[in-house]
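Good morning. Please look at the sequence and the model first.

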Amino acid sequence: MSTTTGAFIAGGIAACGAVTVTHGFETVKTRLQLQGELSSAAATKRVYTGIFQGVTVILRNEGLRGLLAGLGTAYCYQIMLNGCRLGFYEPTRKSVTKLFYADSSVQNFGINIFSGASSGVLGAAVGSPFFLIKTRLQSYSPFLPVGTQHKYKNALDGFGKIYRSEGTVGLWRGAGTAMVRTGFGSSVQLPTYFFAKRRLQKHLGMQEGVGLHLASSTASGFVVCCVMHPPDTVMSRMYNQTGDKYKSAMDCLMKTVRTEGVLAIYKGFTAHLARILPHTILTLTLAEQTTKLVKRAEERIFSGGMEVEKMA
């Protein structure tokens, strides 16, 4: 097992690889969630109608740059989020397990959920400013705008404008909602991944390898999307607002449901699923590989250090 630092690095690298592939779907999802914000269905002009239509429309009007808007901040956020989520999950799980069992290797579903949620919440809190800027960069369109528009030249310009107008507090606008959203997703991502992995090995006889990692990641990604999407919609709107359109996450949820109907909290669900499935598959599959590489590197570094001490 690699160290906590090693697991953080491995998780961050894996997540960056995954987000490179899935970021375009995230842009479409964000715009679908903001489309028709606090407007009735009859009064909403549907610019984006689905995943592939959204991708096509954005590419036609804004090019690849528009589709991949905010990719740099997405990398930063993924390093913070998944570095914490994958790096602190196992240490947290072992520490909590030791409080109830003599053997820290015992698998308890409740403890696993707690460990996943707590490590994810930590990552969301640290990475929230990057997700804030990412959301605003993705939502901005000079051709087909939806939601509140924020014209930033780049991420640094966005950070500067928010800091000058709202201070440090403004950079963490919506962080509470992000922590709830990520807590929901993280509480089920790793527990369902390892649960599916153990069941596939036990009942289908699948061996350790890429096939097992892909199947386990697919199951985990679907569950994550179902659980996380409602708070994800609220989070996108909280991040993208100007002023105090929403006083809190609950206020945003109630206004959205009251104005647009219950199904509004599932706007962009298929785009989210199209993004989260490959993202989860790639993140967890790559994490298995990057963890092995980091572990080997650590073994070489630490073994080299021990040899130097012996020679001294």
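**Salt bridges and helices**

E90 is buried, and so is R93. Keep in mind that this is a predicted model. The two residues form a salt bridge, with 2.7 Å between the closest N and O atoms. Both sit in helix α3, 3 residues apart, which is about one turn of the helix.

Let me stay with helix α3. It covers residues 71–100, so by the usual 1.5 Å a residue its 30 residues would be expected to span 44 Å. From first C-alpha to last, α3 reaches 42 Å, close to that figure. Where does α3 bend? The bend is at F88, by about 40°, and a proline, P91, follows within four residues.

Back to the salt bridges. How many does the structure hold? There are 14. One of them is between the side chains of E26 and R275, at 3.3 Å from N to O.

Another salt bridge joins K197 and E208, and here the closest N and O atoms are 3.3 Å apart. K197 is in helix α6, residues 175–203, while E208 is in the loop between α6 and α7, 11 residues away. Are these two buried or partly exposed? K197 has 10% relative accessibility, so it counts as buried. E208 has a relative accessible area of 44%, so it is partly exposed. Some salt bridges also share partners, and in that way E26, K29, K134, R181, D232 and R275 are joined into one network.

Two more residues, and then I am done. L277 is in helix α9, which runs over residues 269–311. Its relative accessible area is 22%, so L277 is partly exposed. Beyond its neighbours within four places in sequence, L277 is in contact with T218, G221 and F222. V223 is 54 residues from L277 in sequence, and their C-alpha atoms are 9.6 Å apart.

V257 is in helix α8, residues 249–260. Not counting residues up to four places away, V257 touches V262 and I265. From V257 to S104 the C-alpha separation is 44 Å, and the two are 153 residues apart along the chain.

That is the end of my part.

Definitions and conventions. Residues are numbered from 1 along each chain as its sequence is written. This is a predicted model: local features need pLDDT of at least 70, side-chain atom pairs count only at pLDDT 80 or more; totals for chains, interfaces and linings use all residues. Side-chain values use heavy atoms; hydrogens and water are left out. Helices (H or I, at least four residues) and strands (E, at least two) are DSSP runs, numbered from the N terminus. The bend at a residue is the angle between axes fitted to the seven residues ending there and the seven starting there. Buried means under 20% relative accessible area, exposed over 50%, partly exposed in between (1.4 Å probe, protein chains only). Contact means heavy atoms within 4.5 Å. A salt bridge is a side-chain nitrogen of Lys or Arg within 4 Å of a carboxyl oxygen of Asp or Glu.
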